[in-house]
Amino acid sequence: MSDAHEANGNGGDADNGHEPAANGALYGILAEYDTPGELVEAARKVRDAGYTEFDCYSPFPVHGIDPAMGIKRTILPLVIFIGGFSGAVGGLLLQWYCNAYSWGWNISGKPTWSIPANIPIAYECAILLAVLSSFFGVWAFNKLPQVWHPLFRSDRFARVTDDGFFIGIEKADSRFDADKTKALLEGAGSIATENIYLDPDPENKKMPKWIMGIIIASTAFALVPFAIAAKARNSKSSEPHIHIFPDMDFQPKFKSDQANDLFPDGRENRGEITNTVARGWLEDDEVFFHGIEHSTGDAGDSWTTGFPKQYPDSPALPPDLRGAPFAVDMKLLERGQNRFNIYCTPCHGYDAHGQGMVPTRVRAGGGNWDARNLVDPKGPVVQMPNGQLFNTVSNGYAKMMGYAAQIPAWDRWAIVAYVRTLERAQNASHEDIPATEQGSIK
Amino acid sequence: MSLTKNLHPDEKYKAGKLGTTMTLVGAAIVASMGILSIILGAAHGDHFKRFLYAYVIGWSFAVSLSIGMLWLVLLHHLTRSRWSTVVRRIAEAMTGAFPILWLAGLGFILPVLFGYQDLYFWANPAAKADPVIAHKLSWLSPSFFALRYVIYGAVFIAISSYFAKKSREQDESGDPKISVTLRRAAGPGMILFAFTTYLTWLDILMTLAPRWYSTIFGVTFWGSGNIGAFAALGLIVLWLQRNGRLVHSINEEHYHDIGKWMFAFTFFWAYTAFSQFMLQWYGNMPDETNWYKYRMFGDWQWVTIAMLVGYWAFPFVFLMSRWTKRIVPSLVFFAVWQLVFHWLDMYWNAMPQYDWTTISHGSTTVNAGPLAGPIAMHHVGFTPVDITCWLVFIGFFLMGTGRGLKGNLIPVKDPTLGLSLAHEQL
């Protein structure tokens with residue numbers, strides 16, 4: 001109570017009649033103004049009178065209040081710039097560490113440390129840190145939050161969030177004089193003035209427990225993912241992983257090669273039904289679909305050496321091919337070249353020497369492997385009957401997988417024809433050149 | 001400290017003879033530089049191909065300024081802007097350049113229409129052999145191209161003259177309802193404006209590289225044009241003030257906003273230009289990367305680097321500061337700087353397509369058009385006609401703008417004028 005007496009003795013008066021009972025030392029004087037314009041004019045007068053320890057309070061930003069109060073421009077933009085710049089650099093470093101240093105990751109052949117791909121993330125990080133710097137910078141520069149601020153002890157001040165415009169001059173200002181300061185504020189057109197006192201109990205000058213509780217709890221909660229990640233990196237677990245969407249992970253449907261009690265054989269796989277064939281899968285032309293020639297004699301079945309005579313009249317084929325004669329013409333060879341270049345060149349190369357991009361890459365990695373040279377005159381492919389070559393394209397051989405699933409039978413025959421063309425072209429002799437052109441090549 | 005202000009009693013807001021002066025200066029530039037350009041173009045000995053490329057670049061430069069200011073006028077009404085009321089009449093004057101620019105553009109449209117084959121490769125019979133271009137030829141035929149050119153011009157001229165005319169009407173009648181009418185018109189106007197702008201750049205500049213694909217080209221171009229448009233606005237306002245007009249009405253608060261728009265579009269341009277580049281670089285499809293191949297390697301890479309540093313990094317860093325935009329000399333420096341680089345942007349978009357390559361298959365020789373063949377054969381090949389054609393179109397732009405600078409240079413009875421005069425940055 002002695003503080004309160006001292007404050008009153010310093011000139012605080014009680015003319016507004018509802019001064020709180022328990023007051024500490026005088027904090028300052030609060031004056032209310034009617035309009036933002038008057039607030040700006042009053043701030044200018046207070047500034048001109050030489051005060052520095054004062055502030056204006058309004059429900060919304062008021063144009064021109066900063067120069068009227070004589071306060072310097074904020075350095076917040078600089079802080080935001082530094083934040084944004086750090087975000088950009090940090091984003092780049094993060095990607096360099098993740099993608100290029102710690103765990104190099106080849107994405108469509110791009111370099112692991114590849115600036116264009118890193119710009120979007122760096123850009124987003126720059127924005128994130130700029131915004132966070134701005135948000136927390138505003139709090140920090142305004143020394144917020146101050147829920148214990150003595151101005152909140154004034155009932156009148158509650159209207160600052162609605163329609164009240166206030167100037168508060170603090171006692172800490174060197175020019176503060178209870179009477180003169182009050183006269184100045186009233187002279188500037190205030191509609192009310194009021195003395196503001198500190199809370200007598202210094203214990204109240206701290207953040208309420210519940211706010212601190214929320215801050216601590218949310219900070220702790222935000223650390224949980226990091227804690228889990230740290231634990232996972234340093235321990236082993238035999239527990240199955242957590243299923244966040246169990247109905248997506250365990251769908252009520254049959255998958256191939258799974259056990260199931262529903263059927264007597266305990267499998268989910270259902271084989272083909274006897275004496276049926278799926279629509280479009282009737283491959284009754286052995287030559288066309290399998291490259292096999294049936295023989296009536298003792299020799300048994302053998303690879304066909306020629307090409308099919310005609311396309312089978314099957315719904316599996318495109319309408320324009322059904323039943324059409326099979327012609328080894330330029331159109332077929334161009335189709336074969338097109339398919340070969342798409343499906344075969346990655347390993348066998350465009351010239352079929354077996355040195356496509358995959359072997360090239362294997363060599364680049366220190367390995368030594370070539371795909372089969374398809375045009376080597378001493379190699380097996382040149383000697384193969386067409387049917388066997390067709391079968392190899394369909395079902396694969398050694399490391400090579402079968403392409404029956406990707407390439408329909410008629411295109412596989414086009415590839416066979418094109419491979420034969422390549423063999424011929426790569427092993428041509430001088431006599432193969434038309435007589436009219438032979439003279440031009442030595 | 002009040003929220004509105006009245007027009008200063010001593011304010012000189014009548015254009016007087018200034019507009020005529022600008023038109024005459026523009027006409028003098030057009031006449032002198034035009035003759036010089038034709039002589040230089042003929043001396044080039046390539047059937048005016050270089051001349052026409054430079055001509056398209058100059059035309060694009062000038063038109064993009066008017067388009068940028070038409071956008072400002074539409075945006076002003078659409079959002080009930082306050083700061084821009086004091087400069088709106090000048091922006092309207094800059095959109096007044098549309099008719100003369102569209103007439104001047106016939107300089108390259110008519111040759112294409114009447115069978116000139118060396119400007120746009122799609123107009124060349126050799127283009128039919130290219131399967132990628134062949135399926136675009138239904139859109140890219142000379143007659144349809146010329147028809148679209150007329151439609152785009154009609155749309156731009158209709159929108160801009162409507163807004164300018166109504167604005168002048170309000171000067172006479174002071175009817176606040178005109179502001180409401182224009183606000184209602186600005187919405188559909190903006191949509192129409194967006195489509196027309198996008199398609200104009202697709203047709204005029206992008207089809208110089210007819211094999212290429214990009215869906216963001218028109219947007220990037222518009223962003224780039226707006227940098228130049230706001231720079232030009234700032235310079236014209238300064239020129240008017242140097243001649244004693246509007247000295248009390250337009251102050252550093254308004255320059256600050258012009259600078260902010262320049263800054264914003266400097267970044268916007270970089271954002272969209274990089275988006276285009278990054279997606280095509282990442283996708284790595286030959287039809288798309290081919291366009292960048294000739295710009296990232298060989299001679300042109302230096303122009304590309306100059307663009308990155310000069311059109312984005314340098315102005316971006318400095319225009320970020322509040323003071324760069326508020327101190328008029330520094331704003332003027334960046335306005336001139338960005339106008340030069342805006343022209344370079346046009347140059348960079350169009351001129352790499354100048355070199356056409358012929359490829360031999362045995363005895364037959366095929367014209368492969370732009371962006372083909374070895375990179376080393378494609379040179380920047382900077383020539384004087386590039387500059388003189390640019391100056392010709394600066395002249396055309398000044399002629400058109402001068403036409404619009406007449407009567408009141410400020411919308412004296414606009415209801416928001418008071419707010420605009422008192423405008424202050426927070």
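pLDDT is the predictor's confidence in each residue, on a scale from 0 to 100. This model is predicted, and the legends below use that score.

View 1. The mean pLDDT of chain A is 88. A score of at least 70 is reached by 94% of its residues. Look now at residues 1–17 of chain A. Here pLDDT stays under 50. For this stretch the model has 21 contacts beyond four places in sequence. Read those contacts together with the score under 50.

**View 2. Chain B, from its lowest to its highest confidence.** Chain B averages a pLDDT of 94. Of its residues, 99% reach 70 or more. Which element of chain B has the lowest confidence, and which the highest? Strand β1 (residues 356–361) of chain B is lowest, with a mean of 85. Helix α2 (residues 49–78) of chain B is highest, at 97.

**View 3. Chain A meets chain B.** How many residues does each chain bring to the contact? Chain A gives 10 residues and chain B gives nine. On the chain B side, six of the residues are nonpolar, two are polar and one is charged. For the complex, the predictor reports an ipTM of 0.83 and a pTM of 0.74.

**View 4. A four-stranded open sheet in chain A.** Strands of a sheet pair through backbone hydrogen bonds, in a parallel or an antiparallel way. In chain A, four strands form an open sheet in the order β2-β3-β1-β4, and the pairing is antiparallel.

**View 5. Strands β1 and β3 of chain A, side by side.** Strand β1 covers residues 26–33 of chain A, and strand β3 covers residues 165–170 of chain A. Six bridges link the two strands in the antiparallel sense. Pick out Leu30(A). Its bridge partner in β3(A) is Gly168(A).

View 6. Helix α6 (residues 178–187) of chain A lies across β1, β3 and β4 of chain A. Helix α6 runs at about 15° to β1(A).

**View 7. Helices α4 and α5 of chain A cross.** Two packed helices are described by the angle between their axes and the distance between the axes. Take α4 (residues 76–102) and α5 (residues 115–141) of chain A. Their axes come within 7 Å and cross at roughly 145°. The crossing of α4(A) and α5(A) is right-handed. Their contact has 15 nonpolar and 11 polar residues, and no charged ones.

View 8. Helix α3 (residues 85–95) and helix α8 (residues 217–242) of chain B pack at about 115°, with axes 10 Å apart. Therefore α3(B) and α8(B) are roughly perpendicular to each other. Their crossing is right-handed. From α3(B) come Val87(B), Ile90(B), Ala91(B) and Met94(B). From α8(B) come Ala232(B), Leu233(B), Ile236(B) and Val237(B). By class, the contact holds eight nonpolar residues, no polar and no charged ones.

View 9. The axes of α9 (residues 252–283) and α10 (residues 286–296) of chain B come within 9 Å, crossing at roughly 120°. These two helices, α9(B) and α10(B), are therefore oblique to each other. The crossing of α9(B) and α10(B) is left-handed. Phe277(B), Gln280(B), Trp281(B) and Gly283(B) of α9(B) take part. Their counterparts in α10(B) are Glu288(B), Thr289(B) and Tyr292(B). Three of the contact residues are nonpolar, three are polar and one is charged.

**View 10. Two backbone details in loops of chain A.** Leu144(A) and Pro145(A) are joined by a cis peptide bond, with omega about -5°. Where is Pro145(A)? Pro145(A) lies in the loop between α5 and β3 of chain A. The second detail is Asp257(A), with phi near 60°. That is a positive value in a residue other than glycine. Asp257(A) is in the loop between α8 (246–249) and α9 (286–290) of chain A.

Terms used
Residues numbered from 1 in each chain as written. Chains lettered and ligands numbered in written order. Predicted model: local features only at pLDDT ≥ 70, side-chain atom pairs only at ≥ 80, totals over all residues. Contact = placed C-beta atoms within 7 Å. Nonpolar A, V, L, I, M, F, W, Y, C, P; charged D, E, K, R; others polar. Axes fitted to C-alpha atoms, helices over the stretch in contact; angles between N-to-C directions. Left-handed = near helix turned anticlockwise from the far one by under 90°. Pairing = 2+ DSSP bridges. Parallel < 35°, antiparallel > 145°, perpendicular 65-115°, else oblique.
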